[in-house]
Amino acid sequence: MKYHHRSSLTYKVQIKHVPLLLQDPPGGGRVFSGIQPTGVPHLGNYLGALENWVALQNRYPSVLYSIVDLHSITQPQDPTQLRTNILDMAASLLACGVDPERAILFQQSKVSEHAELSWILGCLTSMPRLRHLPQWKMKSKLKNEGSVGLYTYPVLQAADILLYKAAHVPVGEDQVQHLELAQDLARIFNNNYGDLFPEPSALLSSTRKVKSLRDPSAKMSKSDPQTMATITVTDPPDDIALKIRRAVTDFTSEVTFDPETRPGVSNLVTIHAAMATISVEEAVSQARGLDTGAYKKLVTEAVIQRLTPIREEIERLRSERAHLEAVLARGNGRARELAAPVLGEVRQRLGFC
């Protein structure tokens, strides 16, 4: 892992790899994670994050999952569509197995303490420190400019985590440097005002990244302009079959797992193994004697079988708007109960009260 130079403090992010679906005894400390309200998740979201969220809520005594709508407005949003997307994401999380009795599921903007702590932490953050972070470097480069919100996005992420004194944060590898900032800010605040925040550690899922079906060198993404590149969890069976049938492979008919030289086929093996809850080696073994065309049918069956009950549950929940709003309202209240005393302590230490 590479680390950018940082002024002031430098230390490595603590990382734990968390295999999915392990029946470990409950761990200690609080877990926090968030997801932007981009509508329904895609297959990469489900396997890379949401499946792990369900496992974590069964292993840790205190878990918070936030629909981070404040983060979403770093890009222009249609207000009507954003309202729909928030509820669609809530429905998707519930359908994927997030249990609001075991985890606090809430809407970020409904807990005003996030924004206030973000401002306070921003006053402890240097501009050179933020310029090195991948969110700004990637998105500002694409547009040749970026908003102040995009620039300070990682500070709000740090506030999300520290506000609940979270000890563990499930993240993708591309977010590790942002978690380093949260660790930095916890230490800086503690050094200046006395110990208050634990330094959160990263929980990295053992699930491999799901790649685009049309360009296996890139991650699967909802923003991909190629409609055949991404499977959403609400895709009907015919659409799933078509997308997998058109997935990029190569001119070798045998199915093997070699991400470096055969990324397209290897991506299908990764999807098959994850959706069928088997190892990559077992997936390759099941493909023995099949060419890639026949193997795509096997992958399609595994994906459809896994996603069909999720799609049906999302469709049911979408028709129960009042229920979704009630789930979020209850989660918002529970989140505020945890956030308010922490921010109160921050205010007192700063001399605000």
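**View 1. Surroundings of Thr234.** Thr234 touches Val40, Arg311 and Ile314, leaving aside residues up to four places away in sequence; a contact here means heavy atoms within 4.5 Å. The model is predicted, so local features need pLDDT of at least 70 and side-chain atom pairs count only at pLDDT 80 or more, while totals for chains, interfaces and linings use all residues. Residues are numbered from 1 along each chain as its sequence is written, and side-chain values use heavy atoms, with hydrogens and water left out. Thr234 sits in the loop between S6 and helix H9 (237-245); helices (H or I, at least four residues) and strands (E, at least two) are DSSP runs, numbered from the N terminus. With a relative accessibility of 18%, Thr234 counts as buried. The classes are buried, under 20% relative accessible area, exposed, over 50%, and partly exposed in between (1.4 Å probe, protein chains only).

**View 2. The largest nonpolar core.** A nonpolar core is a set of buried Ala, Val, Leu, Ile, Met, Phe, Trp, Tyr and Cys residues joined through side-chain atoms within 4.5 Å. The largest such core has 59 residues, of which Leu93, Met275 and Leu307 touch the most other members. Helix H3 (residues 79-96) gives the largest share of this core, ten residues. The core lies between domain 1 (30-208 + 321-347) and domain 2 (227-315), because both give residues to it; the domain bounds come from an automatic or database domain assignment. Leu93 touches Ile35, Leu50, Trp53, Ile67, Val98 and Leu105, not counting residues up to four places away in sequence. A second, separate core holds 38 residues, among them Leu121, Ala159, Leu179 and Ile188.

View 3. Strand S6 (residues 201-205) is largely enclosed by the rest of the structure, because five of its five residues are buried. Ser201, Leu203 and Ser205 point one way from S6, and Ala202 and Leu204 point the other way. In a regular strand the side chains alternate between the two faces of the sheet. Strand S5 (residues 168-170) runs parallel to S6 and is joined to it by three bridges; strands pair if DSSP finds at least two bridges between them. In this pairing, Val169 stands opposite Ala202. From S5 the chain crosses through helix H8 (residues 176-193) to S6, a right-handed β-α-β crossover. Right-handed means that, with the strands pointing away from the viewer, the path from the first strand over the helix to the second runs clockwise.

**View 4. Strand S4 beside S3.** Strand S4 (residues 104-107) is covered on both faces, with Ile104 and Phe106 buried on one side and Leu105 and Gln107 buried on the other. Strand S3 (residues 62-67) runs parallel to S4, and four bridges join them. Ser66 of this pair stands opposite Phe106.

**View 5. Two loop residues with positive phi.** Most residues other than glycine have a negative phi. Lys165, in the loop between helix H7 (148-162) and S5, has a positive phi near 50°. This lysine, Lys165, is partly exposed at a relative accessible area of 34%. Thr277 also has a positive phi, near 50°, and lies in the loop between helix H10 (263-275) and helix H11 (280-286). Thr277 counts as exposed, at 54% relative accessibility.

**View 6. Cysteines in the model.** The structure holds zero disulfides, a disulfide being a pair of cysteine sulfur atoms within 2.5 Å. Cys123 is exposed at a relative accessible area of 54%, and Cys353 is exposed at 63%.
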